[in-house]
Amino acid sequence: MPISGAPLAVAVGFAILGYEIEAGNGGFTGVDRGPAEVVKAHLRSIGVKSTVAVRFLSSIAVLLTAGMIRFKLPFSGYILASDDQFFLCSCSVRAYYALDFCMYTFGARRILIYNTANMYAHSLKLQSIVCAGNMEISITNVREFEELARQALPKMFYDYFRGGAEDEFTLRENVEAFQRIRLNPRVLLDVSSINMSTSLLGFKLSSPILVAPTGGHKLAHPQGEVATARAAAACNTIMVLSFSSNCTIEEVASSCNAIRFFQLYVYKRRDVSAKLVQRAESCGFKAIVVTVDTPRIGRREADIKNKMVAPKISNLEGLLSVDANADGGSNLEAFAYETLDPSLSWKDIGWVKSITKLPILIKGILTAEDARKAVEVGVSGIVVSNHGGRQLDYVPASISVLEEVVQAVSGAVPVLVDGGVRRGTDIFKAIALGARAVMVGRPIIYGLAAKGELGVRNVIGILKNELEHTMALAGCPSVEDITRSHVQTPADRLRSLI
Ligand SMILES: Cc1cc2nc3c(=O)[nH]c(=O)nc-3n(C[C@H](O)[C@H](O)[C@H](O)COP(=O)(O)O)c2cc1C
């Protein structure tokens, strides 16, 4: 969305001063709460207790105000500074210049501007202007993007992306279970050329990596899912667009040519879910991924504490208005409670099949029993997933149950896995245990938050490079060469002791 008026003038000013501008409005919309409450919730999330008085959290802000008083700059509002971020509410254009001075002098990374005009239109927009140069830290693996994202994002949004349910056992376990699997490399095999390509539902993939469906990309970057889609397309990688995206299905479809899948939540209002599937189909999406682990939303305590406001789901505009005022907690929960259909059951997969000609994958399977049922009801693929540890806590890591699902399905449909994939070696392990491909969630968002489209391309690129390297060192010139005997799981080690 283009920016206009005073913010545009400021953007031009910053451009002249040599800053890289990320222009546009973030998709942060406080439709269900008053704007003041949204601002307060956000300020609380960054540790500001009082939102009435101006609070200075660092000497930078003191200097800033001193400068404004000294030069008699008109200043109407609050400026709050915490470390390297400035939060500016209700500001005048000239206050932006003072912030520019601060950015220049102190090397602040990011300025977040609440555009009050939009706030009063009950549509709080978050705009970000990222200072060029400061983010140019050399990245060697995808984990490092998390810290960059943490620095770039307001705490409330970072917590939303990072967090898991309750004790976050499964969140940690997703990563740690990969670390307990060892590799058995083979040597003296010709690895002068490595071919990572594979196929899924008849589509050729440049590597066994897909972008997992994750909602709310405009909370990470003003360009939202369009930036992610462009990066995925540039890397020849299939993106699964979330039902809860901030950019519409049509915006993503028209942003670039690529094979894409659409993820579906089945709502109580079946007509709304059906409409979105039909829109995706007519926009050229190639498969529907039905998420089945979310009859209600998991208890994500960080969101509850931060009073997280549900990101705007652009696809629902004109279709559904939900009154989801939370009583003190996260209104994500209240929104999910109002919308998601908890009565969804196996027979409803038949209903999903009846509203589309596209193949259907089912996402959120963790047991052999459910995998067999999924095949029985005629799905075209299974995603072994625990929603990145965000739904039921204390379920096993997805990688730990992948093999039993693969065995139960015995080749009837392709099996994908997501949760905790952070390294090329993780992808190699998943393939060895029978996955056709992996899906990657958080690292994509962290790349997006840190560097927009380029960041997402970096994340996918690093994972591809690492996989290629792993295949060479393990003696596997193609994906088909990766076999069960290339990995050793904790269960294998136990069996070898008996
Ligand atoms: C911020 C966030 C939003 C998500 N939104 C969705 C969603 O809208 N639909 C869905 O099926 N899964 C969603 N997921 C789950 C992901 O599709 C995926 O299962 C998970 O992120 C994989 O774990 P990883 O983040 O460790 O890679 C979301 C995950 C995160 C972190």
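How close do the axes of helix α9 and helix α18 come, and at what angle do they cross? In this model, the axes of α9 (residues 224–234) and α18 (residues 442–474) come within 7 Å and cross at roughly 15 degrees. The model is a predicted one: local features need pLDDT of at least 70, side-chain atom pairs count only at pLDDT 80 or more, and totals for chains, interfaces and linings use all residues. Residues are numbered from 1 along each chain as its sequence is written.

Some terms come next. Helices (H or I, at least four residues) and strands (E, at least two) are DSSP runs, numbered from the N terminus. Axes are lines fitted to C-alpha atoms, for helices over the stretch in contact, with angles from 0 to 180 degrees between N-to-C directions.

I return to the first pair. The crossing angle makes α9 roughly parallel to α18; angles under 35 degrees count as roughly parallel, over 145 as roughly antiparallel, 65 to 115 as roughly perpendicular and the rest as oblique. The crossing is left-handed, a term used if the near helix is turned anticlockwise from the far one by less than a right angle, with right-handed for clockwise. On the α9 side, the contact uses A227, T228, R230, A231 and A234, and on the α18 side I444, L448, G452, E453, V456, R457 and I460. Contact here requires C-beta atoms, placed from the backbone, within 7 Å. By class, this contact has seven nonpolar, two polar and three charged residues. Ala, Val, Leu, Ile, Met, Phe, Trp, Tyr, Cys and Pro count as nonpolar, Asp, Glu, Lys and Arg as charged, and the others, Gly among them, as polar.

Next, helix α6 (residues 144–152). Its axis and that of α18 come within 7 Å and cross at roughly 110 degrees, which makes α6 roughly perpendicular to α18. F145, E146, L148, A149 and A152 of α6 meet P443, Y446, G447, A449, A450, G455 and V459 of α18. That contact divides into nine nonpolar, two polar and one charged.

In α17, G424, T425, I427 and F428 meet L463, E466, L467, H469, T470, M471 and A474 of α18.

Now to the strands. Eight of them form a closed barrel, β8-β9-β10-β11-β12-β13-β14-β15, with parallel pairing; two strands pair if DSSP finds at least two bridges between them. Neighbouring strands are turned by 30 degrees against each other on average, direction ignored. Strands β14 (residues 415–418) and β15 (residues 437–440) pair in the parallel sense over three bridges, and D418 stands opposite M439 in β15. Helix α18 lies across β8 (209–211) and β15, running at about 165 degrees to β8.

Finally, the ligand. Of the 24 residues around the ligand, S242, T291, G388, G441 and R442 come nearest; a residue is near if its C-beta atom, placed from the backbone, lies within 6 Å. The shell divides into seven nonpolar, 13 polar and four charged residues.

Notes: Two residues are in contact if their C-beta atoms, placed from the backbone, lie within 7 Å.
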